[in-house]
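Trainee: Please take me through one part of this model up close: the pockets, and the bits of chain around them.

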Amino acid sequence: MIRESSPDAGPPARAADLRSAAEWLAGHDLGDSQPTPLLAGRLAVRRRARLATHVVLAALILVSALVTALSGFQPYRPLPLLALTASMAGLLLAQSLLDRWVRRVDQRAGATLSRRATHLVQPGWRAVLGRPYAVFAVATSAGAVVLAGSALAVPDPAVRQPAVVLLIGLLGVTAIIAVQLRHLLGHPVVAEDEESLTADVIMRVEDARDLNLPAVQWALPVVLLFGTAPGWWRAAAIAYLILSLVTGVALHARTPSSATTARRAMGVR
């Protein structure tokens, strides 16, 4: 990803993608490297996948809020429950397809390389994700599941029905994140030299951190249950949201950047 004339440079890339790749390299202390179509394509698909993820999540939140507001989850009316279940299934399917799209682009990019850079040790989850981010992800997921489970103790069907959907959705999201992280840590390196290897590890670190952003865990409990749940549950939900947000901001501010983390994982000074 340094030499524009490399035979492994890959298919032509859009000028805008190449400019974005150059900005990405400069922002990760790789400004001396020249962006290639291979790198530009990998970064472009990640940007588009993240944008699509945000759109899908926003659509799910809007649908969930609309169904909840219009129906109130009245007893013996299964349509709202079915609508939310379908929305949750759509979110999980979209996340899986987006992840598969990114992996396929990486696989096609790797197939164009006649040689690959290697590293003596494949970075594991501690090197790529880091213990603080892993603990944060587990804590936020567990907190959201506990919130959903506690709502099941409320005898009101208007609370218990969306709580069931929420609990199923949270468990599904957790399973998808675990599978995505497994693929992320295990997929082959797409690099031809030391600097492109560094870029590959940086992308792994950024992908891992994006995977563990608990957007669903933050949004859905409030959207689905806040208007119908009892006061003690709403207080617990607000406390969970504030505590996890503060922790997430502090974690982002205090942990090393993705470039620093990648260089430490590779043993590069």
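Mentor: Helices here are DSSP runs of H or I with at least four residues, strands are E runs of at least two, and both are numbered from the N terminus. On that basis, Val190 sits in the loop between H6 and H7, and we'll come back to it. The model is predicted: local features need pLDDT of at least 70 and side-chain atom pairs count only at pLDDT 80 or more, while totals for chains, interfaces and linings use all residues. Residues are numbered from 1 along each chain as its sequence is written, and side-chain values use heavy atoms, with hydrogens and water left out.

First, the setting. The chain has 10 helices and zero strands, and 46% of its 269 residues are buried (under 20% relative accessible area with a 1.4 Å probe, protein chains only; over 50% is exposed, in between is partly exposed). Of the contacts (heavy atoms within 4.5 Å) with a separation of 6 or more, 80% are between residues 24 or more positions apart.

Now the pockets. On a 1 Å grid over the protein atoms alone, a pocket is an open set of points with protein on both sides within 12 Å along at least five of seven lines, a cavity is a set where a 1.4 Å probe fits but cannot get out, and lining residues have an atom within 4 Å of a point. Points are joined across faces, edges and corners, and the volume is the space filled by probe spheres set on them.

The largest pocket comes to about 680 Å³. Its lining holds 28 residues, with Thr53, Gln95, Gln180, Asp210 and Leu211 nearest the centre. Two or more lining residues come from each of helix H2 (37-71), helix H3 (78-111), helix H6 (157-186), helix H7 (194-211) and helix H8 (215-225). H3 gives the most, seven residues. By class, you get 14 nonpolar, seven polar and seven charged residues (Ala, Val, Leu, Ile, Met, Phe, Trp, Tyr, Cys and Pro are nonpolar, Asp, Glu, Lys and Arg charged, and the others, Gly among them, polar).

The second largest pocket has a volume of about 370 Å³. Out of 18 lining residues, Tyr133, Arg209, Asp210, Leu213 and His252 are closest to its centre. Asp210, then, is listed near the centre for the largest pocket and for this one. Helix H5 (131-151), H7 and helix H9 (231-254) each give two or more residues to this lining, with the largest share, five residues, from H9. The classes here are nine nonpolar, six polar and three charged.

Val190 counts as buried because its relative accessibility is 2%. Its C-alpha atom is 8.7 Å from that of Ala111, 79 residues away along the chain.

Gly267 follows H10 with a positive phi, near 75°.

Last stop: Asp17 in helix H1 (residues 15-27). Asp17 is buried because its relative accessibility is 8%. Beyond neighbours within four places in sequence, it is in contact with Ala40, Ala44, Arg47 and Arg48.
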